[in-house]
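Subject: Structure handover

Hi,

I'm passing a structure over to you, as promised. Please load it first, and then read my notes below with it open.

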Amino acid sequence: MATLADFRYEKATWCPGCGDFTVLASLQQACVKMGLEPEGVCCVSGIGCSGKISQHFGSYGFHSLHGRSLPTAQGIKMGNQELTVIAAGGDGDGYGIGMGHFIHACRRNVDITYVVMDNHIYGLTTGQSSPTSKKGFKTKTTPAGVAEEPVKPLELAMTAGASFVAQAFSGDLKQMTNILTAAIQHKGFSLVNIFSPCVTFNRVNTYEWFKEHIVNFDEMEYDRSDKYEAMRRVHEAEGVCTGIIYQEDRPAFHEVVLGATPHGTVKENLELSHEQMSALLDQFRR
Amino acid sequence: MTNEFTWKVGGAQGEGIDSTGEILATVLTRMGYYIFAYRHFMSLVKGGHTNYKIRANNEEQVDYHGDTLDILIAFDQTTIDENEDELITDGVILHDAKFAGTSKRDSLKICSVPMSQMAKDLGNVIIKNMVAAGASSYVLGIDPNNFYEQIEAQFGKKGAELVELNKTAFNKGYDYVKENYADVQRPVPAATKPATPRLLMTGNESIGVGALMAGCRILAAYPITPATEIMYWLLGNMKDVGGKVLQAEDEIAACIMAIGANYSGVRAMTSTSGPGLSLMMEAIGMAGISETPLVIIDVQRGGPSTGLPTKTEQSDLNGALYGSHGEIPRVVLAPTSIEDCYYQTFHAFNLAERYQCVVIVLSDLLIGMNKMTLDTIDLNRYSIDRGEMVTQEQLDALEKGAFKRFALTESGISPRSIPGMKNGRFCALTNEHEETGLEIEDVPMRKAQMNKRFRKMETLAREVNEWGVDYQGAESPELLLIGYGSTKAQIAEAVKNLDGMVVGHLQLRAMMPFPSDAVKRRIDAAKRVIVLDNNFTGQLTGLIHREIGYHDKTETLTKYDGNPFTVGDILSFVKG
């Protein structure tokens with residue numbers, strides 16, 4: 001059985017107090033709790049502060065490009081569905097440049113867990129507005145305040161067809177770990193948006209601010225498979241909520257894709273038999 | 001030449017031009033002729049002008065559709081207007097009687113055949129294809145039984161009634177021309193090869209077969225002309241070998257999914273054309289620095305931007321050679337024929353894994369979407385070579401966490417693990433990294449990793465002189481013709497027409513690493529050198545200049561009107 005130490009790799013380099021530390025710890029705890037072995041897990045990240053998570057997580061990893069964690073993760077999952085694939089990144093990475101991929105990964109319902117460390121700001125590029133920055137929020141690139149409406153990750157994911165939608169807060173390790181565990185166990189695309197405060201550049205959406213405003217849906221009774229009800233509640237809470245919001249039982253992409261097999265594509269024989277080769281060429285014989 | 005004939009059918013897109021051509025192409029191949037079929041089409045679904053040309057030879061393989069035309073089937077006047085110049089002096093036009101059918105050339109033999117009317121009388125307008133086939137059959141002097149066999153093979157499953165209808169339509173066309181224009185018959189030379197089953201395929205299909213045989217089990221792609229047929233073919237065949245075809249949301253995702261799949265241990269590729277290749281540039285860098293194998297098939301079309309989607313060009317060369325930010329080792333291959341598409345694709349997978357790098361295969365529309373008869377494909381020329389992979393035993397012998405995925409080896413190749421292997425953990429990083437994969441910015445390690453990555457290309461740079469070029473001709477020619485990729489057929493044919501001149505023909509199959517020694521030796525030995533570039537700026541000439549010089553000795557013949565070089569283009573440039 002793997003221990004927490006097996007899922008650790010080198011010391012993280014985030015700013016002291018960064019919300020991403022607990023996200024990493026929580027992911028490690030969830031994996032240990034589920035009895036996963038590090039070699040069977042793959043953590044794929046995008047770019048920015050959050051992107052460093054794949055280096056610090058003791059499993060196989062891919063630190064890909066800005067906004068490209070999801071296509072990388074989907075390629076890996078389609079290559080070997082037996083791996084537990086976790087894609088992780090930030091709000092800028094995932095909802096800015098990666099927005100197109102996000103919507104399509106939801107539609108496809110590829111069995112991966114997508115963890116977004118949402119701090120409402122660009123950290124590593126030193127404090128510009130992000131797609132989830134609240135309207136009116138002043139940053140280096142929005143001196144007069146953000147003019148656009150923020151992206152609403154939960155509603156968006158539900159509309160796009162994600163089969164598991166949840167939100168956590170990096171200030172609540174216990175709930176976050178429970179949610180991540182459920183998300184990894186869920187068969188299909190899981191979005192876990194995590195409020196992960198940037199202690200250096202975001203002076204508005206702080207730990208205290210989240211603690212004051214968050215509504216905990218896990219303490220509410222409602223039908224988690226009722227998308228409209230989930231949407232209504234998220235809307236009412238203005239998106240500042242935590243818990244498993246919505247969950248749907250739907251086949252994962254690797255089960256329904258043309259050519260689906262019960263095992264990973266990587267296990268297929270590369271060499272074709274003489275009969276297979278002849279049959280292929282027979283298509284062209286005239 | 002007496003052992004050949006050419007035939008073309010033209011009309012508006014959506015009139016069944018392709019199916020008319022396909023019928024004849026199949027019949028001729030089954031009879032033992034070698035054919036090359038060329039599709040001229042536009043980027044729209046209905047309307048516009050489209051045509052399908054067949055060049056047939058009774059003795060040997062033909063890999064180019066030829067400069068001239070013997071027989072033209074016209075479903076509209078535009079077909080005559082746009083194609084009459086290609087006809088030989090006493091060429092034949094068989095046109096649908098629904099229009100007058102006029103030509104500015106008096107020497108041509110014009111026959112009016114009520115194709116649409118006959119089809120309408122039979123209650124099926126589409127069947128004018130078969131009327132046209134019947135008319136062609138008479139003109140070419142082909143025994144109708146050959147067509148009957150094909151009709152039965154094609155429609156037999158759909159019922160006897162449909163077979164009869166098609167035969168009737170065929171006979172109507174045949175009889176009409178026989179009765180009204182008996183003297184236009186041009187009996188074709190008999191096929192000399194026994195009509196054993198041979199292969200009739202496109203370059204795109206040849207790439208698909210090559211990929212499957214090479215062990216490719218995932219294609220992630222986005223539809224784009226002229227590459228989509230690779231996807232279609234693999235959609236039909238991948239499932240039978242446990243593989244998957246993923247239609248991504250865009251080319252960025254397609255390329256990156258292919259990288260992810262390769263990282264997971266699967267042989268995977270993406271296929272695209274110029275505009276898609278542009279979108280893949282950042283992914284190319286990602287594969288390069290993370291040392292993930294990747295095969296990209298680029299079926300080039302006319303550019304720039306969305307340019308000429310249905311026309312051929314060789315203008316993605318510079319993009320393939322230099323595209324992406326920063327510097328990475330990479331391989332660029334260029335298939336020279338439909339058959340070579342198979343070999344180069346197979347080879348691409350081996351090189352990608354052996355050198356853990358990006359391999360771009362530069363095909364183009366000319367060989368990609370057109371069809372020819374092949375005697376066979378040598379399935380034993382290449383076998384699967386997955387390069388250096390660590391074994392579980394090797395990993396078990398290491399201390400925990402000590403595996404160096406990016407080890408600074410002498411060859412530059414660092415044996416790789418794949419996810420699932422115990423103690424083989426690493427993080428593939430797009431940032432610069434040290435040997436285990438951790439991000440670094442220190443000077444010595446940065447330099448060591450760059451050096452290591454480029455060391456991989458040193459071995460390849462030596463071996464590419466062996467397989468990266470094809471040369472035919474004298475040791476010291478007075479004229480050397482150089483081309484890359486698909487221009488091979490026309491150059492070879494032009495050479496045959498340069499009787500009395502000592503000519504050499506050098507065709508490049510690999511563009512990077514550049515086979516400098518092989519090319520330099522040939523240019524050294526030649527008096528005059530002409531480089532063919534199916535693009536405006538002379539990209540191949542530029543590459544030769546950059547790699548080995550010879551600015552004064554090389555002349556460039558360019559073509560950028562969307563059409564492939566003709567033999568005539570080459571001959572008139574040579575003769576000046």
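What follows is a walk through the contact between the chains, the sheets and a few local details. Please keep in mind that this is a predicted model.

**Where the chains meet**

Let me start with the contact between chain A and chain B. Chain A brings 55 residues to it and chain B brings 69. About 5,300 Å² is buried between chain A and chain B, and carbon and sulfur atoms account for 64% of that area.

On the polar side, 29 residue pairs are in polar contact between chain A and chain B, counting pairs with both residues at pLDDT 80 or more. There are also 5 salt bridges between chain A and chain B. One salt bridge to look at is A:Arg108 with B:Glu249, where the closest N and O atoms are 2.6 Å apart.

As for the elements involved, several parts of chain A each give at least two residues to the side that touches chain B: helix 2 (53-56), strand 2 (60-63), helix 3 (69-79), helix 5 (99-108) and helix 11 (274-282). Helix 3 of chain A gives the most to that side, with 7 residues. By residue type, the side of chain A that touches chain B splits into 22 nonpolar, 22 polar and 11 charged residues.

**A sheet with strands from both chains**

The contact also includes strand pairing. Strand 2 of chain A runs parallel to strand 15 (residues 427-429) of chain B, and 3 bridges join them.

**A sheet within chain B**

Chain B has an open sheet of 5 strands, ordered 16-18-17-20-21, again with mixed pairing. From one strand to the next, the twist averages 20 degrees.

Helix 17 (residues 488-496) of chain B packs on this sheet and touches strand 16, strand 17, strand 18 (503-508) and strand 20 of chain B. The direction of helix 17 makes about 175 degrees with that of strand 18 of chain B. Helix 19 (residues 539-548) of chain B lies across strand 17, strand 18, strand 20 and strand 21 of chain B, at about 130 degrees to strand 20.

Within the sheet, strand 17 (residues 479-484) and strand 20 (residues 528-533) of chain B run parallel and are joined by 4 bridges. One of the bridge pairs there is B:Leu480 with B:Val529 in strand 20 of chain B.

**Local details**

Most residues other than glycine have a negative phi, and most peptide bonds are trans. Here are some places to check with that in mind:

- The peptide bond from B:Gly303 to B:Pro304 is cis, with omega near 0 degrees. B:Pro304 sits in the loop between strand 11 (294-300) and helix 12 (317-322) of chain B.
- B:Met512 and B:Pro513 are joined by a cis peptide bond with omega about -5 degrees. The loop holding B:Pro513 is between strand 19 (510-512) and helix 18 (516-525) of chain B.
- A:Thr126 is not a glycine, yet its phi is positive at about 70 degrees. This residue, A:Thr126, lies in the loop between strand 5 (121-122) and strand 6 (128-129) of chain A.

Finally, over all chains the structure has 44 salt bridges. Among them is A:Glu236 with A:Arg232, at 2.6 Å from N to O. Both A:Glu236 and A:Arg232 lie in helix 9 (residues 227-236) of chain A, 4 residues apart, or about one turn of the helix.

Best wishes

Definitions and conventions
Residues are numbered from 1 along each chain as its sequence is written. Chains are lettered from A and ligands numbered from 1 in the order in which they are written. This is a predicted model: local features need pLDDT of at least 70, side-chain atom pairs count only at pLDDT 80 or more; totals for chains, interfaces and linings use all residues. Side-chain values use heavy atoms; hydrogens and water are left out. Two strands pair if DSSP finds at least two bridges between them. Axes are lines fitted to C-alpha atoms, for helices over the stretch in contact, and angles run from 0 to 180 degrees between N-to-C directions. Contact means heavy atoms within 4.5 Å. Buried area is the accessible area (1.4 Å probe) that two parts lose on being put together, summed over both. A salt bridge is a side-chain nitrogen of Lys or Arg within 4 Å of a carboxyl oxygen of Asp or Glu. A polar contact is a pair of N or O atoms within 3.5 Å; within protein, one must be able to donate a hydrogen and the other to accept it, and residues adjacent in sequence count only if both atoms are side-chain atoms. Ala, Val, Leu, Ile, Met, Phe, Trp, Tyr, Cys and Pro count as nonpolar, Asp, Glu, Lys and Arg as charged, and the others, Gly among them, as polar.
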